[in-house]
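Here is a short tour of a few local features. Start with the sequence and the structure below.

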Amino acid sequence: MERKRIIQSLLFLLQLNVLIALKDDPCTTAKNLPNFELRLKAFKIDLARGDRPICDRYFIKEPGEWFRTVDGNEMVNNRTTFFECGTQYSIYMQGHVPSSLNRVVNRTACVIPSCTTKYNIQLKKCSNFTVYYLPRPSSCDQAYCFGFGENGIAPNITTDKPTVKYELVKSAGKTAAELSEQKLAFKCHFTPVVDGTNIIYYKVFWYVNDHTSTIFASQAVPKERLPETYLRGETGLDSIKLNIEISCKVRLHYHPKGPPGPSSEASEKFFAGIKPLKRAYEISRDNSTVIEFKLTVPFGCMYANHNDPYPLPCKHTISLTTPDYLKCSQGIYAVDMCGKLIESRKWNETQTISIKHKNDDNYRTIQTFEIHTETKVRINGEPFWDGVELPTVFINVIEGTNKWKNKKCEAVSDPHMTSFANRHYESQEPGTYTLYRNKDPVGNINEIQMKVTPCNYVKYGNYEHMNQCTCGIAARASSDVYVIDRCPGTVPFYFGFKSCVEDILNVMKKANDEHDYEIHFPSGTSLDVRLNSIFDKTHFTSERWTLELQIHPSIADEGRSQGLCGSVEKDELIDPNNVDLTHDEYLFTQSWRVADADNMFKMTLERLQSFPKTRKARDLCICEKPSLSSGTIKNTLTCTNAKGLISCDKDKMKPVQKDVCYERHNRRKRSVKHSFTFTPKIVIEPKLKRSKRAISANITNMTKAQAKTWCENYMNSSPAFLACQDIPNTNSTRAIEICVMDILTTNSTVFAAAPRESMKAGCLKEIARNDTLLNVTKNGEKIADKILSIACPGECSGHGVCTKGVCQCNDNFGGGDCSIDINEPPEVYAVNYETGGLCDKLFCKEAIVDGDLFLDRSGLTCKMQRFEMTMNGTSWDLETSHVPGSHNTLSDIRCKFPRSNSKRSTLSSIGFISGYKIAVSNNNKNFSEAHAVYILDSTCQDTLNVSGQLRFALKPGFCFIHGSCVPDGVQKKCYECDIRQNKFEWTYRETEKGCTKEENSHLWVIGVVLAVLLLILIGLVFFYILKKKHRVVQDSYGMPNPHGQASKYSK
């Protein structure tokens, strides 16, 4: 056995040496020198006819390369003359080709005429060819000369000027199993020459884009074999892409290897590929147009049977791709599909792609956009059709009307309304209202519903008043719905997507501020939401949340906006029936109260997800290059998070995750196999608790004049509020008016911050929308830069310093406005709430924690204690890990499963499922209560409801072995899953060939173990005896006397 291993090792080393030798042997690595057929000594060029000489500086890399001969044509070894060998200055060799094999020899190569310029070349004779090491020439036009050709007379005539034509040629499959197909071929068409004496041979030269070098030079053939001169995939096209200019020339020969006659004129260049009919289009803002393309050549398809007269129809694709720069708020997007499917039988018709300018709420549009397009062929299509980049098309966008600019709609405090037309009115009745609605000409709906509930009770003498505040919004874009519901009675608070069927509604959170959000509609309209909390200890037992709202219209709202925000163009209050109620604000507000049947806050998920999808007139898709890998265009759009609708500045805004919504939709599509029988319903008890963030109601009794003085002083104490008064379309006077009204109606200053922060938010939005403000100066300082550096939310609540527009909080405080005590842990309601605390490891990659007051800061931490559990519910705790929390909103975060347990399949021998108990901290010190998530594999694991208790079971037809699901009957060497024998261990297969009896196998293993233990024991005894003997000798001859006296044996 040992000898066999040695021989195998020696053979391996021998094979390795042979491979290394072959890798370095030029006989195996040399390549063909381009244009070899033009390098014959007999091949002369004529510059007057437009021939271009070969220059090997274009074909040989520095300092040189190995090339092999073709058809036995060795390098010419006698002096050549000008314009021979297809070049102007030919290079010939001094000396002969060696006759012995596998020996490298040195030679000198000379450049005509006098060998003043020379090169050191090397040769090696291989089996039936020779390889040459050729240095790169120092200048053009120099080229190495190979072969002499046949001696004879060169024709002194040529053909007429040729033209390039195309045709589809039927090509048989390479094997009997492969189908025949049509292939594109280009023909150099000319009138054959009539010569009554000699046979004429035609040699065709093909050029791409210029006449510098050939892509293919055919053999010289008689006219009966002219199809052999066609340019097709295998003769050169497969090495390039279409959208090229093709031309050809012809030379005549009297002998296939004889000297050629003069070159014909070059044909006119023929454009082969796809080209846009126009390179520039002009459209108005938020409008669409059609780009037109035309194919100049057809493409081939497969035959169902070789003898069929016509092939099957097939399609090619023109796909839109998004340029790298196109990631900001505006762009050009595809309508209906991300490109065009071209049918083979309609290839010569004009092809069109519909595109649309994607609008936003910025005042000025980007003037010019680029459209990039690229082809994708069917599987097994000809490679030169694949990945063809079409010429860039430019889209010039013209500004539309300006009626929508400088407009916004507001709902502030309890709530004080401002319409798009800047009309101020009150809406202080509880209920759900349509704040904004837009229905475009084809029926697509954008809508915002606002929920108003009691938030602050006031009693002063005989005066009693209950203030109403906005506590929830539901935003809809066709079938996508996003809800923020922090109203009393909502348990838990809802903060997320309820439907994301189309993925066209996008929500952004301000970085480092978990209370500030933007919702972007596909029309370009946006909604800003700011969350505040107040605490009225005289009437309520817990805090009340208020939402400050600002809607910023786009050009799509002109003539279409409805609701409490009113019309963009007209200063009127119009009800849903188009009746003007400007004279009665109360009737107007009540006319937009939402009936229960249309109330998105009360709708089931199924009802919300059943809203009509976007009609095709507004189906927009950002077409990214990676989508081309499939080679197909989907009729159903999958838009990639609508990058065109969100801000480019990732340092300022972060997208709110849609993973819970995606998972909700995916669960409805999954098979029964990947599901659980019982999903627990997590019951969340309301927390009657006030956060340190809540603003207390400071009771006061002011006259109107006193309230105005107080509000002016309060507002003007904010540097950003003062600076924003220089920005157009901001109304500091209105902010003070709202402050005064709130003090008089509540006898407190509890709402004073809301109008101040709303005015600051509008100011910042105006700067973002109107880029002309970036250059406005005051006292030599740019106003916008100053505001951006001092405008911090809530003036940092007195617990921090405003630095470059961001609050730097003092110790023990956090939040975007430094209002939250981070020593108080956040509330955690549940983990994976929507799935009942279950995590299917096939789809669930992290834990989703629902709660409240999660802060977007570095200290956000998930403490995760792993546990295991048996099928009957017995559990035990294992290791604990701390991982950073990934902030999503104020009410939810993501906790990634620890890396060491990312597979989550390694269980102990008695554990059936695993999981984590998760607690959360805002400072990595003070943690919330822990809640559990159970990790299962729905392939074979299931859940049961046993008297209201969650229990686990194994699905029929499976074993569960060492943490993995194994179908019944699966074999693994001598073992198999046999559910009749043991569902939790491999069953030994005694009858399998090569498998010994289990008892003998076990006895052999036991014997080996005992023998090893015996040897270890003998070794230990032997070591002990030696050590004892050594100690006795040492005691006798070298140890000191314990009493300090010298031994009688010491010297």
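Two strands count as paired when DSSP finds at least two bridges between them. This model is predicted. In it, β51 and strand β52 (residues 892-896) pair in the antiparallel sense over 3 bridges. Within this pairing, H887 stands opposite I893 in β52.

Both strands belong to an open sheet of 4 strands, in the order β46-β48-β52-β51, with antiparallel pairing. β46 (827-831) and β51 (886-889) are the edge strands; each has a single partner, so one side of each lacks a neighbour in the sheet. On average, neighbouring strands of this sheet are turned by 30° against each other, direction ignored.

Helix α9 spans residues 753-769, 17 residues in total. From first C-alpha to last, α9 reaches 24 Å, close to the 24 Å expected at 1.5 Å a residue. The helix is mostly covered, with 14 of its 17 residues buried.

Aromatic rings come next. The structure holds 24 aromatic pairs. Two of them are listed here.

| Pair | Centre to centre | Angle between planes | Type |
|---|---|---|---|
| F420 and Y436 | 6.4 Å | 85° | edge-to-face |
| F912 and F960 | 5.0 Å | 65° | edge-to-face |

F420 lies in the loop between β25 (416-418) and β26 (424-426), and Y436 in strand β27 (residues 431-439), so their pair ties together parts 16 residues apart in sequence. Both F420 and Y436 are buried. F912 sits in the loop between β52 and β53 (913-921), and F960 in strand β57 (residues 958-961), 48 residues apart. F912 and F960 are buried too. Elsewhere, ring pairs link Y166, F186, F270 and W347 into a cluster.

Charged side chains also meet rings. R476 lies over the face of F611, at 3.9 Å from the ring centre. K498 lies over the face of Y494, at 4.6 Å from the ring centre.

Conventions
Residues are numbered from 1 along each chain as its sequence is written. This is a predicted model: local features need pLDDT of at least 70, side-chain atom pairs count only at pLDDT 80 or more; totals for chains, interfaces and linings use all residues. Side-chain values use heavy atoms; hydrogens and water are left out. Helices (H or I, at least four residues) and strands (E, at least two) are DSSP runs, numbered from the N terminus. Axes are lines fitted to C-alpha atoms, for helices over the stretch in contact, and angles run from 0 to 180 degrees between N-to-C directions. The expected span of a helix is 1.5 Å times one less than its number of residues. Buried means under 20% relative accessible area, exposed over 50%, partly exposed in between (1.4 Å probe, protein chains only). Rings of Phe, Tyr and Trp (its six-membered ring) pair if their centres lie within 6.5 Å; planes under 30 degrees apart count as stacked, over 60 as edge-to-face and the rest as tilted. A charge sits over a ring if NZ of Lys or CZ of Arg is within 6 Å of the ring centre and within 35 degrees of the ring normal.
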